[in-house]
Amino acid sequence: MTVNIGYGALVLTFIVSLYAIGAAIYGERNKKPRWVDSARNAMVLIFPLLTISAGALILLLVNNDFQVEYVASVTSRSMPTYLRVTALWGGQPGSLLFWSWLMAGFASAVTLRKWDRDREFLPWVIVVTLATLVFFLLLVVFYENPFVRMWQTPVGSVLTQIFQPTGSIPYVPGDGRGLNPLLRHPGMIIHPPLLYLGFVAFVIPFAFAIAALITGRTDDRWIRITRRWTLWAWLFLSLGLILGGRWAYDVLGWGGYWAWDPVEISALLPWLAATPFLHSVMIQEKRGMLKHWNMLLIIFTYDLMIFGTFLTRSGVLSSVHSFAQSAIGPLFFAFIGVTLIVSLYLLSRRWDELKAEAQFTSWLSRESLFMINNLLFVGILVVCFWGMIFPLISEIFTGQKVTVGPVFYENATGPLWLALLFLMGVAPLSAWRASTAKSLGRNLWKPAVISFLVPIILLLTGMISMAAILTFWMGAFVFSVTLYEFYKGAMARHKRAGENFFVALWTLMGRNRRRYGGYIIHLGVIFMAVGIIGLEVFQTETQGSLALGESLELGPYTMVYTSLSEFDTDDNRNVARAVVEVYEGDEFLTELYPRKDFFYESQQPMTIPGVRSTMEDDFYVIMADWKPITTKNATFKVYHNPLVNWLWVGSIIFILGTFVAAWPEKEDSPKRAKKSVSASEKV
Amino acid sequence: MTEDNSILENQEGKPKISFGRILAWVFVLALLGVVYIQLAKSQQGTIEIGAMAPEFTLTSFEGETFDSEQLKGKVVLLNFWASWCKPCELEAADLEAAWKFYEPRGDVIFLGVDWTDTTNEANEYLEKFSITYPNGPDLGTRISQSYRTTGVPETYIIDKEGVLGRVKIGPFQTYQEIISMVDDVLNQ
Amino acid sequence: MNKKYWILGLIIILTLVVVTPAIAQNNTPPTDDEVNSLAKNMYCPVCENIPLDVCGTAACAQWRQQISDMLGDGFSDQEIYDFFALQYGDRVLAQPPRTGLNWLVYIVPPAAILIFAFVVFSYMKNKQKPTTDPMVAEAVEEQKEDEDDYQSQLENELKKRL
């Protein structure tokens, strides 16, 4: 019954979406607004419909309905309930349904906004959003259906079909195969949903951009409407990436958070296109420039998002993140090809209408510096894209597979990241339109002088890594510039309005959310950079096979292997858990419990590190796979990761800043509206 | 980033069909082409039975060279294995027994292709199962790549004309299974 | 053809070296850390995208043993990398070797960035020609008394009050 309801709702959504696309186009072409309204109503409906469908699948998962093939493949009786719910995105069919569901949420939400001023966009936003949704629903309904059940025929073979074949009886396996152990981690519960949310939310700005191209309304209206959508999408995507890193650090047991795995890169690529987009839209809003460029960036963001999904699900790239190979690859490819070509075609058709309304007037103006920011981000994007795609090219032309590993990406993108850090310090101080070296220097010299203390101190303490010294210097520079900005702004208010300094700071931020939210994000980035440098430059590691009571030294720490226990758990795991004491000099610090879980259902091992984490450094112990573990002997791999916690703290600041910038407020304040009018009059 | 060329050139009011724009389209299409080829490859799956088997050259651990061209006229059983592969051990003794059965005929040859393995352990493995048919390393994983193997063990039986006759993914369960597959190819 | 024989020769020699227990060895066996420092830069086809030093499969354990053996026999790091690349293909190396088509991986990104940078800068330069265009002059004029420029507003504010 649940299956029928879930599947019925799914098919109904598919039909309703198709209808809405048709009605929107028909209504728009024939000037019949009632049809467009009908399409809009249909679009509101799809989220509740897919909620029924996803809800039905969750119900099946929670109730151990193993007759459903998907349920049997991702859950088992020994799994706790919360993991059964998260199994919704533990396999290909379920995660595609989940993805569609999230997207439907955004689609329905966008139809609920006030459309009075933007009626002409409505039909095309419906078409673009739903065309994307229909594609995913097509995959779910026809190729990767999570509601397929298993039936036993009289001859004994097992069929997989939605409906009961005549003469067959339901086939219900005694237990399921269980969720992939790597996915049984709190980080994995929220990492995929957030990443998906980030991905699907970018469909909305893309839909508006395409609507603007089709209707020829090429002012910055589409950007103003989607500003908040874009920020939320960016927030989710950033959170998804960060949590993915945290998950890797906690679970994958290689001592790091980012391995430059092709699939990781494919999730980073949309972020690398979206971040310059967030910056360059400001130039279009303020100055009416870079219209083509913004269109290109949002098109790239969208198609890189689909491309990333395609790579993980088609078997083109192999990686720890890949889903099993399936038949949906060619469909994905066709979809990417069509959307990319159509949107680029639409852009080239409107090319001449998207002329800039103003010009660059100074090398040091805010817009020039933003342009350089874009250049650097796109540079990183090119490096990552090329590194990811190159093994494919190599295999085609030479027949040899090659690996493009972390060293390549680190060397190629390192200087670009550093330059971005520098820009983060300079750009906020430069003015729109025109900035002279003199005015910029006047703003910069104080923070610059303060920050100069940092490399001097570092050199005096004997640090020799250039990368680290430069990064810390730039970090200090941006930090003092940003704080100085907060201080200046708050002081100005304080003096003028006589407000208490902190009240002034608060109202200041409230009045200029995007600006100060952006600054907070920048502060977060500095913290993150410190953590990244800590791990990239100062990480040390050692390894040794220890008998009970033996010890291993690394950095300031000593670890002593004191005992090992091995036991089976209720949820079908075999756990080998070591107890390790950590000392700094003679002082006992803590006990750590690195362990190795072996999952019987999936026959997979998993290494879980024991970590002592402080702001200064992490002491990270794993039981390595090098030699078989015996009660007498175990091989430990130990990492000393200085400063890595700054990365996580920075991430939290980063996310808070995004919240500040993205929190809803009135669409356009009257003052700004007036300004944009006068700006257009000027031109 | 050829697209960018075209943005800027066009803003300067150059003719509509600009060099940059053509370049941008070529770039986009080339990119799609590369991904398409790779996608087609990953969709291929195993080689079809009845197709010409890919050519190979195998140099055995003893230094003898076997070339697929020279082996025409014989039925070739090409077995991919590795010493670290537990399932391979299930079939090792049966394969050797089957080889002993066919060896006197002269028109059947067994070849073991040792995939991503280390020489020490490979030799120990061959000794452990007293394997006498020729085995050699898959240098640069070229043979496995051209046969599009997905792991070990996998076995490809090629008929006298060089056409692929039978494929077995995973270990043979019984001696009889090997014999019947090879006989099938011999009697075609 | 020549190259093939060379490879063959090298592999036979290495095989002999590896197989025959070293008799005149007096150096201590390499530590795990020494092996790891090489393994870190290698990938085995069995566990794709996971570096050899942390990969848990039996195949990788054997590869690490092989590295350890070769280090014990006095091979240099580079010789070991070369041996693995010959034996198992270029994909065992963390970076494509700098030969032939592989140069593209190193050349294309910097070239693309340079071209892009050149285009951006020449575009910005064109736009900055000192011009008699009244519109631009006007814009500059406006800028001086521009009220909505947040930065200058702040500056003025501060100057007045501080």
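1. Of the 683 residues in chain A, 61% are buried. The model is a predicted one. Chain A has a secondary structure of 20 helices and 13 strands. Among its contacts with a separation of 6 or more, 71% are between residues 24 or more positions apart.

2. Chain A is in contact with chain C through 69 residues, and chain C contributes 53 residues to that contact. The size of an interface is often expressed as the accessible area lost when the parts come together. Here chain C and chain A bury about 5,800 Å² between them, with 62% of it on carbon and sulfur atoms.

3. Two salt bridges are found across the interface of chain C and chain A. In a salt bridge between side chains, Lys40(C) meets Glu541(A) at 2.4 Å, N to O.

4. Which helices of chain C each supply at least two residues of the side that touches chain A? They are helix 2 (32–39), helix 5 (103–127), helix 6 (134–144) and helix 7 (150–161). Helix 5 of chain C gives the largest share, 15 residues. By type, the residues on this side of chain C are 26 nonpolar, ten polar and 17 charged.

5. Helix 4 of chain C covers residues 77–88, and its length can be checked. At 1.5 Å a residue its twelve residues should span 16 Å, and the end C-alpha atoms are 16 Å apart, so the two values agree. The buried residues of this helix are Ile80(C), Tyr81(C), Phe83(C), Phe84(C), Ala85(C), Leu86(C), Gln87(C) and Tyr88(C). After helix 4 of chain C comes Gly89(C), with a positive phi near 100°.

6. In chain B, the loop between helix 5 (142–146) and strand 6 (154–158) contains Pro153(B). The peptide bond joining Val152(B) and Pro153(B) is cis, with omega about -5°. Arg148(B) lies in the loop between helix 5 and strand 6 of chain B. Its phi is positive, near 50°, in a residue other than glycine. Is the side of the scale for Arg148(B) buried or partly exposed? Arg148(B) has a relative accessible area of 28%, which means that it counts as partly exposed, since buried would require under 20%.

7. Leu643(A) is a residue other than glycine with a positive phi, near 65°. Leu643(A) sits in the loop between strand 13 (633–642) and helix 19 (644–662) of chain A.

Definitions and conventions. Residues numbered from 1 in each chain as written. Chains lettered and ligands numbered in written order. Predicted model: local features only at pLDDT ≥ 70, side-chain atom pairs only at ≥ 80, totals over all residues. Heavy atoms only, no water. Contact = heavy atoms within 4.5 Å. Buried area = accessible area lost by both parts, 1.4 Å probe. Salt bridge = Lys/Arg side-chain N within 4 Å of Asp/Glu carboxyl O. Helix = DSSP H or I, 4+ residues; strand = E, 2+ residues; numbered from the N terminus. Nonpolar A, V, L, I, M, F, W, Y, C, P; charged D, E, K, R; others polar. Expected span 1.5 Å × (residues − 1). Buried < 20%, exposed > 50% of the residue type's maximum accessible area, 1.4 Å probe, protein only.
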